[in-house]
Amino acid sequence: MLVLAVAGASASSGAELPAPSGDPILTVGGAISNTNDGDEAAFDREMLLALPRHSLDTHTSVTDGVQHFEGFLMRDLLARVGAQGETVTAHALNDYVIDIPMSDFERFDVLVAMTMNGRRLTARDKGPLWIVYPRDRAAELQDIRYDYRWVWQLDSLLVR
């Protein structure tokens, strides 16, 4: 069962993007209009925690039972950086790379999880960021092509 809760303000695409004060854990580059590090947008943990918060309960293909995830919606992040494109290339710390259609983020409430079952995700446990689809919400999301889009250890996005 999917449970989605919204807290906080909406993502603002027009506000200036401040520089991170901590170590960046996610960079976004490519076809974006709001940057803070050359032609990229760099986010530390605090900046990502400031995005509107959402939660999701769903099964995964790599864990047992329903898991509870908390984080932010990918579409809110992409709006924050002014993304304009058709595809997002997601890259992980383990060098996994996959192209994801931008339409996924409008069709589904795709979460970038920062916690699972109340525990902060770490690089040892699929973190610090994990792209999570609302798998239990639509039968088509249980197709293996969507499973490949669940990128754990996410560290960068390239909008094309």
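Predicted model: local features only at pLDDT ≥ 70, side-chain atom pairs only at ≥ 80, totals over all residues.
Residues are numbered from 1 along each chain as its sequence is written, and side-chain values rest on heavy atoms, without hydrogens and water.

Five aromatic pairs were found, a pair being two rings of Phe, Tyr or Trp (its six-membered ring) with centres within 6.5 Å; planes under 30 degrees apart are stacked, over 60 edge-to-face and the rest tilted. One of them joins F69 and W130 in an edge-to-face arrangement, with 5.3 Å between the centres and 90 degrees between the planes. F69 belongs to strand β5 (residues 67–73) and W130 to strand β10 (residues 130–132), so this pair ties together parts 61 residues apart in sequence. Strands are DSSP runs of E with at least two residues, and helices runs of H or I with at least four, numbered from the N terminus. F69 is buried at 0% relative accessibility, and W130 is buried at 0% relative accessibility.

W130 also pairs edge-to-face with W150, at 6.1 Å centre to centre and 65 degrees between the planes. Ring pairs link F69, W130, W150 and W152 into a cluster.

The charged end of K126 sits over the ring of W152, 4.7 Å from its centre (NZ of Lys or CZ of Arg within 6 Å of the ring centre and within 35 degrees of the ring normal). K126 also lies over the face of W130, at 5.9 Å from the ring centre.

Definitions and conventions
Buried < 20%, exposed > 50% of the residue type's maximum accessible area, 1.4 Å probe, protein only.
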